[in-house]
Amino acid sequence: MFYTGAGRLMVFIIAVSLAACATLPKDIPKVPSYAVENRGDTRIAKAVEREAVNHPGVSGFYMLPSDMDAFIARAVLIEGAEHTLDLQYYIVSDDLTVSFLMERLISAADRGVRIRLLFDYLGTGLNDSQLWMLNSHPNIELRLFNPTGSLRQLNHRMHNKAFIVDNVVGIVGGRNMADEYFGAREDVNFADMDIMAAGPIVKDISKSFDIYWNCEWAIPYECLSSDKPDDENLKKSLDSLKETNKNAKDSKYAVRLKESDFFRQACEG
């Protein structure tokens with residue numbers, strides 16, 4: 001094969017870049033953790049039990065074909081969480097819907113909910129300040145999947161999507177965390193599907209999450225970024241997040257959410 005001078009330079013740059021990040025970080029201090037057993041003492045658990053009393057040992061499912069319903073379900077479940085929240089996603093964008101859910105997650109952590117976030121390294125669009133804002137909370141732990149750029153491992157991505165509340169209710173399906181998956185963009189609309197599940201199947205969803213969470217590919221965020229902001233800058237990031245959400249409360253999307261039947265049903269429930 002014949003290379004020009006520029007071609008040889010490009011090959012050299014690519015080779016050096018790949019060699020520089022060809023393997024996962026070594027000797028990472030990582031403490032395993034697992035889903036907390038459903039003790040049946042939460043409001044969500046009691047609601048599920050009332051519906052399941054005549055169907056012992058059987059799982060229940062609720063389809064979420066509507067993008068806005070899928071967003072509302074997640075927001076309501078975060079508000080109702082009492083013990084744990086486990087989120088696993090490939091794409092997490094820096095946009096309207098994710099900003100709202102991020103603030104709700106931090107509020108849940110403030111009231112004592114243990115939160116584990118597992119995002120794909122290449123799929124997350126959140127910046128370092130936002131990731132540190134989440135990971136710095138004592139009740140939130142963030143891990144990124146496969147933070148490497150090697151050619152062999154580049155396509156080894158984590159496309160799983162799971163949203164698990166108190167190990168009682170789980171949402172799985174095709175939706176990532178971004179405006180285009182929740183009907184908040186006028187130019188793009190991904191026609192994905194979610195299922196909200198309750199019952200014995202949720203333990204299986206949690207087991208799958210735990211396998212990924214504790215595997216060698218899931219790296220704690222603090223091991224990937226040494227530039228942790230100080231308390232003042234962390235507060236600025238949180239204040240900025242709250243201001244963004246405050247400004248969006250009267251947006252077209254917010255109005256559509258409040259007018260939806262699913263929103264009214266969720267508020268009544």
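Entry 1: I started with Lys203, which is partly exposed at a relative accessible area of 42%. For the record, buried means under 20%, exposed means over 50%, and partly exposed is in between (1.4 Å probe, protein chains only). The model is predicted, so I noted its rules: local features need pLDDT of at least 70, side-chain atom pairs count only at pLDDT 80 or more, and totals for chains, interfaces and linings use all residues. Residues are numbered from 1 along each chain as its sequence is written, and side-chain values use heavy atoms, with hydrogens and water left out.

Which residue does Lys203 meet in a salt bridge? The partner is Glu37, at 3.2 Å, N to O. Lys203 sits in helix α6 and Glu37 in the loop between α1 (5-20) and α2, so the pair ties together parts that are 166 residues apart in sequence. Glu37 is partly exposed too, at 48%. A salt bridge here is a side-chain nitrogen of Lys or Arg within 4 Å of a carboxyl oxygen of Asp or Glu. Helices (H or I, at least four residues) and strands (E, at least two) are DSSP runs, numbered from the N terminus.

Entry 2: I found 15 of them in the structure. One joins Glu180 and Arg185, with the closest N and O atoms 3.6 Å apart. Is Glu180 buried or exposed? At 12%, Glu180 counts as buried, while Arg185 is partly exposed at 32%.

I also checked Asp239 with Lys235, where the N to O distance is 2.8 Å. Asp239 is partly exposed at 35%, and Lys235 is exposed at 53%. The two are 4 residues apart in helix α7, which means about one helical turn between them.

**Entry 3: the cavity.** Rolling a probe the size of a water molecule over the atoms shows where empty space is left. On a 1 Å grid over the protein atoms alone, a cavity is a set of points where a 1.4 Å probe fits but cannot get out; a pocket is an open set with protein on both sides within 12 Å along at least five of seven lines, and lining residues have an atom within 4 Å of a point. Points are joined across faces, edges and corners, and a volume is the space filled by probe spheres set on them.

How many cavities of 30 Å³ or more turn up? The search gives 1, and the largest cavity has a volume of about 50 Å³. Its lining has 10 nonpolar, no polar and no charged residues. Nonpolar covers Ala, Val, Leu, Ile, Met, Phe, Trp, Tyr, Cys and Pro; charged covers Asp, Glu, Lys and Arg; the others, Gly among them, are polar. Helix α4 (residues 96-110) gives the largest share of this lining, 4 residues. I spotted Phe119 and Met177 among the lining residues.

**Entry 4: the pockets.** The largest pocket holds about 1600 Å³ of space. I counted 44 lining residues, and Ala73, Val76, Leu77, Phe262 and Ala266 lie nearest the centre. By class, that lining has 27 nonpolar, 9 polar and 8 charged residues.

The second largest pocket has about 310 Å³. Asn38, Val48, Glu49, Gly199 and Pro200 lie nearest its centre, out of 17 lining residues. Which elements give two or more residues here? They are α2 and α6 (201-213), and α2 gives the most, with 4 residues.
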